[in-house]
Structure formats: structure tokens, C-alpha cells
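Here are my notes on this model, as numbered points. Have the sequence and the coordinates open while you read.

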Amino acid sequence: MQFNFLISKCMSVNENGMTILNGSQLRNPQLDEVITTMGEASAKAQNLKQVITSPSRFYQTDQKLYIKSEGKQCLGILKIGKKNLFHRDLSGLVREIQPLCVLDFYVHESMQRRGIGKELFEEMLRCEIIYPEKLAYDRPSPKLLGFLKKHYHLSNYIPQNNNFVIFSQYFDNRQQNINLQLASQNQQSQYSSTPSKIEQLGTLMSQMTISSTQSKNQQQQFSKSQAPWATDQKSQQNMYETTTGLMSAQIQKKR
Ligand code: ACO
């Protein structure tokens, strides 16, 4: 969609042509024009009676609008926001959920099927730190359903009265598993930071005079182990603990 001004004059656009607006954004007439025009084009493309995205429906809400532009052209928009929804499964069980929802998604007709939609969608997933299956989709059009099936293999859902689509994977534990994996990776990276501590302790150790027989025994034990910087993470940790133990034994002895 062509405007008679540079899009970057009315909103901040990053090097990939992306803009993220939120409802507390300061308004200006050109920005309002972009939102109004794109919102109307989106409603028309979806054959909707009512426009979903307009300045009055966007400002002062907790929604976000992702915009892709190039010079004076606005290529597409993606609007998201949280909703409180009730979901009924096949057994009739109703659950109350508060998912982040895709509320409006539109790429200009002249630019569709060129990957712009995917670019917008991926930018949103990255910024919101969410997976496609953890989103709800407000009345998705056949094109959006095709898009989600093609790019993210999402197709199974139980139709709901409220017309929001929640894919069956929404109720899986992938997010939880990933969180657990991340937690364990964090723990590992904490371990992998120990060698520098060990090196510092090693230097300190070498500066200390070890005179007693007990200390000599301890030294022998120490030399049986591998050098801390040549070990795997587990033995590094063990070494760190052994070294720390030796240090406190030395300090107590000195006292
Ligand atoms: N017919 C069928 N499927 C389509 C079409 C189309 N005209 N356009 C895109 N798709 C789907 C297909 O799966 C397509 O893959 P294919 O070309 O290999 O068949 C895939 O999307 C292409 O991916 P992208 O190029 O990344 O998507 P695009 O830039 O076209 O954006 C979008 C997808 C936003 C759905 C766009 O087609 C569009 O604006 N459509 C009109 C408005 C609309 O229906 N928006 C969704 C409303 S529902 C909601 O917002 C919750």
C-alpha cells in the first residue's frame, strides 16, 4: 500500500523494515492514516462487515501492532492481544484460558505469497517469545489456515462457538519442556564458568606454603586428579569443590 510520505517519518522502523507499536504509542496524523488504511484493506480482504484495526480500536489498549514497510510502502500488518477465552474439548470439558491472540493479519495483495507474512509472524514470535501453537487465532481465514499448516504444520483444532481457533498442540507441554531444557542449560553454563574461578584458586594455592605432612598428602591427592582446565564439567565442579575444601583447611590451619 503506497503512501505519499516515508513510513519511517511517522514511526520508528528497524533495518528489516519492521515496526512494533503498542497502544500507548504517541499518535500522529500520518501514523493514524497508515493504521486506518491498512485496517480497512484487511477488513475488505477478509470480507468483514466491521474493521478490526483502526486508531480508535488500537490506542489505549494492551494490543500490539507489527508493521512491515519499505520506503513509502506499507506491506503488511499483524495485530495481537490477550483475550480471556473459554475452550470446550470433545468431552465437553470447558477450560478458561488467557492466550495471546492473532487478531488481525494482512499482507497487501500485491505482496502476498512472497514470505512477507512469515517475516511478520516470525518477528512477532521472536519478540513475544512464543510458539505458534500457543497462540489463539481470531476467526482465521482460509489463507491464514493454509499459512499455519504450511509453515508450522498446525491443522488440528476443535471448532468453538467463539470462532477462535486453538490448535490441539496448545494443550501440549512443549513450552514446559523447553523451559526445563533452558533451566538445565543455564545450570550447565554456570558450571562451565567455574574454570576461571578454579584458575584463580589455583594461583592462590600455588602462592601458599604447604609444609605439614597432611598438606603433602593432600598435594598427592591433588596431583592424582586431572588439571581442572583439562577436565569435563562434572570433574571441574568436583575439582572446584575439592580445591575450595583444601583452601579452607589451609586457612583454618594458619589460624
Ligand atoms: N491462497 C491460499 N493460501 C495462501 C494465499 C492465498 N491467496 N496467500 C497465502 N497463503 C498461504 C499459503 O499457505 C502460502 O503458501 P503457498 O504459496 O506455498 O501456497 C503461504 O500462506 C505463503 O506464506 P507467506 O508468503 O509468508 O504469506 P503471505 O505474505 O501471503 O501472508 C496472509 C499470509 C497474511 C494470510 C496473507 O495471505 C493475507 O493477507 N491474506 C488476506 C487477509 C487474510 O486472510 N488474513 C488473515 C485473517 S485471519 C486473522 O487475522 C486472525
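1. Start with Lys134, which sits over the face of Tyr170, 5.7 Å from the ring centre. The criterion for a charge over a ring is NZ of Lys or CZ of Arg within 6 Å of the ring centre and within 35 degrees of the ring normal.

2. A word on provenance: this is a predicted model, with local features requiring pLDDT of at least 70 and side-chain atom pairs counted only at pLDDT 80 or more, while totals for chains, interfaces and linings use all residues. Numbering runs from 1 along each chain as its sequence is written, and side-chain values use heavy atoms, leaving out hydrogens and water.

3. Now the sheet. It is open, with 6 strands in the order β1-β2-β3-β6-β7-β8 and mixed pairing. Its edge strands are β1 (18-22) and β8, each of which pairs on one side only. Strands here are DSSP runs of E, at least two residues, and helices are runs of H or I, at least four residues, numbered from the N terminus. Two strands count as paired if DSSP finds at least two bridges between them.

4. Look at how β7 (residues 135-138) is held. Strand β6 (residues 100-107) runs parallel to β7, with 3 bridges joining the two; Val102 has Tyr137 as its bridge partner in β7. Towards β8 (residues 164-165), the pairing is antiparallel, through 2 bridges. There, Asp138 is partnered by Phe164 and Tyr137 by Val165. β6, α3 and β7 together make a right-handed β-α-β unit. Right-handed means that, with the strands pointing away from the viewer, the path from the first strand over the helix to the second runs clockwise.

5. Which aromatic residues do ring pairs link into a cluster? Phe105, Phe121, Phe147 and Tyr152. The whole structure has 10 aromatic pairs, and Phe121 with Tyr152 is a tilted one, at 5.3 Å centre to centre and 40° between the planes. Phe121 is in helix α3 (residues 116-128) and Tyr152 in helix α4 (residues 142-152), so this pair ties together parts 31 residues apart in sequence. Both Phe121 and Tyr152 are buried. For the cut-offs, rings of Phe, Tyr and Trp (its six-membered ring) pair if their centres lie within 6.5 Å; planes under 30 degrees apart are stacked, over 60 edge-to-face, and the rest tilted. Buried is under 20% relative accessible area, exposed over 50%, and partly exposed in between (1.4 Å probe, protein chains only).

6. The His87 side chain makes a polar contact with the side chain of Gln160 (3.3 Å). A polar contact is a pair of N or O atoms within 3.5 Å; within protein, one must be able to donate a hydrogen and the other to accept it, and residues adjacent in sequence count only if both atoms are side-chain atoms. Setting aside neighbours within four places in sequence, the contacts of His87 (heavy atoms within 4.5 Å) include Leu93, Arg95, Ile158 and Phe171.

7. Most residues other than glycine have a negative phi. Asn47, though, has a positive phi near 60°; it is in the loop between α1 (29-45) and α2 (55-58), exposed at 72% relative accessibility. Arg113 has a positive phi of about 60° without being a glycine. Its place is the loop between β6 and α3, and Arg113 is exposed with a relative accessible area of 88%.
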